[in-house]
Amino acid sequence: MQRRDLGPWRRIGALANLGVTMVAATAIGLAFGYQLDKWLNTSPWLMILFLLFGIAAGFINVFREASRGKEKEGD
Amino acid sequence: MEGLEVPSWIDLVAHALGVRIPPHVDHVLMAWVVMILLVVPCFIATRRLQRVPGPLQNILEFLVETLQGFLETIVGPRGGQYLPLIGSLTLFILGSNLLGLVPGFKSPTSNLNTTVACALVVFFSTHIIGIRRHGLFRYLRKFTGPTWWLAPIMIPIELIGHLARPISLSVRLFGNIFGEDAVLLILLYLVPLLIPLPVMLLAIFTSVVQTFVFVMLSMVYIAGAEEAEHGELVAA
């Protein structure tokens with residue numbers, strides 16, 4: 001089996017999901033922090049903290065996908 | 001959501017018998033229809049394998065070879081061993097998406113429960129693959145980031161990032177297929193003759209693309225679990 005060059009196809013798969021992943025990561029962070037706040041009575045600090053974590057996670061996904069594309073172009 | 005559901009032959013049978021079917025039952029039955037449609041041809045084709053393949057064997061050989069090529073390109077030379085998982089997902093999701101275009105049938109994937117099940121299978125498989133490949137502690141160390149003092153920040157970020165994967169996989173597939181069916185139904189109510197046809201063509205396209213995206217992302221996640229440390233691939 002020869003290894004074929006997927007080129008744009010692989011990236012279409014990854015890029016099609018980026019938008020949803022960003023939103024999902026932010027929403028998970030928010031929900032997680034909200035529940036922790038309710039449990040520990042620390043409203044609103046954990047919610048803000050975990051919202052930031054979620055936003056960071058979403059952006060890290062975007063950043064990783066973008067930098068992976070750059071490596072491939074460099075070859 | 002109830003009002004936008006396309007009535008299927010199951011609803012018609014239930015209506016004729018005067019019984020109320022509980023929610024989700026029709027989608028589960030449709031999933032069984034897809035399974036039968038997939039298992040029976042595969043069983044027939046693999047009983048009498050021939051050196052010069054007939055039409056059915058030819059189609060299946062093409063599918064298997066294409067998927068294996070994808071796996072070996074994305075995951076690496078060891079990718080071929082994940083063919084059973086990826087192949088089953090591809091055929092099931094593609095069959096489910098396309099079944100919704102046959103009048104009287106529904107897509108099992110237009111129910112969030114089906115897509116969540118598929119996404120959870122991928123989610124747990126990737127982590128099991130990662131742990132089997134690297135051992136539990138070396139795999140967990142991938143979550144702590146590049147240096148130890150970044151760990152308190154990186155661990156929650158990585159956990160949230162990983163939890164976002166099954167959600168985005170399942171919601172995207174469900175949303176696309178459900179929306180596609182809803183658009184078809186609305187057009188069918190407005191103009192029943194000929195106008196839904198180009199939309200159905202578009203629906204075939206989105207069905208294939210959504211299957212492709214789901215499977216491609218599963219392979220990317222498996223490749224991520226197979227990676228040695230951050231960034232570098234083992235043998236690719």
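Predicted model: local features only at pLDDT ≥ 70, side-chain atom pairs only at ≥ 80, totals over all residues.
View 1. B:Glu180 is buried, because 24 other C-beta atoms lie within 10 Å, and the cut-off for buried is 20 or more. Helix H7 (residues 151-190) of chain B holds B:Glu180. Which residues does B:Glu180 contact, leaving aside its neighbours within four places in sequence? They are B:Ala203 and B:Thr206. B:Ser207 is also shown. B:Ser207 and B:Glu180 are 27 residues apart in sequence. In space, their C-alpha atoms are 8.9 Å apart.

**View 2. Helices H5 and H8 of chain B, packed together.** Two packed helices are described by the angle between their axes and the distance between the axes. H5(B) covers residues 112-134, and H8(B) covers residues 196-226. They pack at an angle of about 25 degrees. Their axes are 8 Å apart. H5(B) is therefore roughly parallel to H8(B), since angles under 35 degrees count as roughly parallel. Is the crossing of H5(B) and H8(B) left-handed or right-handed? The crossing is right-handed.

**View 3. Residues at the contact of H5(B) with H8(B).** H5(B) contributes B:Val122, B:Thr126, B:His127, B:Ile129, B:Gly130 and B:Arg133. From H8(B) come B:Ser218, B:Tyr221, B:Ile222, B:Ala225 and B:Glu226. How do the residues of this contact divide by class? There are 5 nonpolar, 4 polar and 2 charged residues.

**View 4. Chain A where it touches chain B.** In this view, 21 residues of chain A are in contact with 21 residues of chain B. Which elements of chain A give two or more residues to this side? They are helix H1 (8-40) and helix H2 (45-74) of chain A. H1(A) gives the most, with 11 residues. By class, the side of chain A that touches chain B has 12 nonpolar residues. A further 6 are polar and 3 are charged.

**View 5. Chain A on its own, with its 2 helices.** Chain A has 0 strands. How much of chain A counts as buried? Of its 75 residues, 25% do. Contacts within chain A can also be sorted by separation in sequence. Among those between residues at least 6 apart in sequence, 55% join residues at least 24 apart.

Technical notes. Residues numbered from 1 in each chain as written. Chains lettered and ligands numbered in written order. Helix = DSSP H or I, 4+ residues; strand = E, 2+ residues; numbered from the N terminus. Buried ≥ 20, exposed ≤ 12 C-beta atoms within 10 Å, placed from the backbone. Contact = placed C-beta atoms within 7 Å. Axes fitted to C-alpha atoms, helices over the stretch in contact; angles between N-to-C directions. Parallel < 35°, antiparallel > 145°, perpendicular 65-115°, else oblique. Left-handed = near helix turned anticlockwise from the far one by under 90°. Nonpolar A, V, L, I, M, F, W, Y, C, P; charged D, E, K, R; others polar.
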